[in-house]
Amino acid sequence: MNAWWRSKDGMSDPSRKEAEVLSLPAWEQACEAVLEGDRLALGARFCPVEKAAGDDRARYELAPGTVVAVASARSLAPQRAYAVEADGTVTEISAAAAEDRIDPAGAARRAWRRRCSRVGLTEAPCRFPVPAGHGYEADVVYDWAGEEHVAACTRATDRRVWLRAVTYEEAVELGLA
């Protein structure tokens, strides 16, 4: 049974005892943190256990181990994430840490994705102007914007080069990740 709902007979769910309370502004929604693809997303919305009329805050009881994504009322993307630790304390965590708590097995893949996105590369080739005599060659992996071995050159001419991010699978194959 979900720890945030009352049972059918109207009694509180026993799993809610000794649960930590997260207090948020009433205009924000607290949702289960889930992964959509490889990114943090909003899952099922939690119901507040208490909403005080005067202080405009909603309170949520959370079981240890819960990862919560918080967004404004009309947003579809999470702005913050919280985790309930084993000792019952609620701490704010980064989106990357929330993703890794939800799916620890994919942590290396997501770290590689973040590394490539920091330098502005995607898996689709993008054209960059370069000075003549640049030395880029097709089918070679290069450093880019301060990150080592993240750019794969797909095509090179005298004045332009087409680069894309090295995929995680390629990085594993090359021994980079």
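D103 counts as partly exposed because its relative accessibility is 24%. Partly exposed is the band between buried (under 20% relative accessible area) and exposed (over 50%), using a 1.4 Å probe and protein chains only. The side chain of D103 meets that of R110 in a salt bridge, 3.3 Å from N to O. A salt bridge here is a side-chain nitrogen of Lys or Arg within 4 Å of a carboxyl oxygen of Asp or Glu.

This is a predicted model, in which local features need pLDDT of at least 70, side-chain atom pairs count only at pLDDT 80 or more, and totals for chains, interfaces and linings use all residues. Residues are numbered from 1 along each chain as its sequence is written, and side-chain values use heavy atoms, with hydrogens and water left out.

**Salt bridges**

- The whole structure holds 13 salt bridges.
- Side chains of opposite charge can pair when their charged atoms come close.
- E99 pairs with R110, and their closest N and O atoms are 3.9 Å apart.
- This pair links distant parts of the chain, with E99 in helix 1 and R110 in helix 2, 11 residues apart.
- E99 and R110 are both buried.
- E99 counts as buried because its relative accessibility is 5%.
- R110 counts as buried because its value is 0%.
- E99 also forms a salt bridge with R113, at 3.7 Å from N to O.
- E99 lies in helix 1 and R113 in helix 2, so this pair ties together parts that are 14 residues apart in sequence.
- A network of salt bridges links D38, E99, D100, D103, R109, R110, R113 and R114.

**Helix 2**

- Helix 2 covers residues 107-118, which makes 12 residues.
- Helices (H or I, at least four residues) and strands (E, at least two) are DSSP runs, numbered from the N terminus.
- From first C-alpha to last, helix 2 reaches 16 Å, close to the 16 Å expected at 1.5 Å a residue.
- The expected span is 1.5 Å times one less than the number of residues.
- An α-helix has 3.6 residues a turn, so residues three or four places apart point the same way.
- The buried residues in helix 2 are R110, W112, R115 and C116.
- Their cover includes strand 2 (28-36), helix 1 (95-102), strand 11 (147-156), strand 12 (160-165) and helix 3 (168-174).
- After helix 2 comes G120, with a positive phi near 85°.

**T167**

- T167 sits in the loop between strand 12 and helix 3.
- T167 is buried because its relative accessible area is 14%.
- Setting aside neighbours within four places in sequence, T167 is in contact (heavy atoms within 4.5 Å) with W112 and E123.

**Strands 2 and 3**

- Strand 2 and strand 3 (residues 39-45) run antiparallel and are joined by five bridges.
- Two strands pair if DSSP finds at least two bridges between them.
- A33 has L42 in strand 3 as its bridge partner.
- The hairpin of strand 2 and strand 3 has two residues between the strands, and G37 takes a positive phi near 70°.

**Confidence**

- pLDDT is the predictor's confidence in each residue, from 0 to 100.
- The protein chain has a mean pLDDT of 86, and 86% of its residues reach 70 or more.
- Residues 1-8 have a pLDDT below 50, and this stretch has 20 contacts in the model beyond near neighbours in sequence.
- Residues 10-18 stay under 50, with 13 contacts beyond four places in sequence.
- Where pLDDT is low, the predicted coordinates should not be read in detail.
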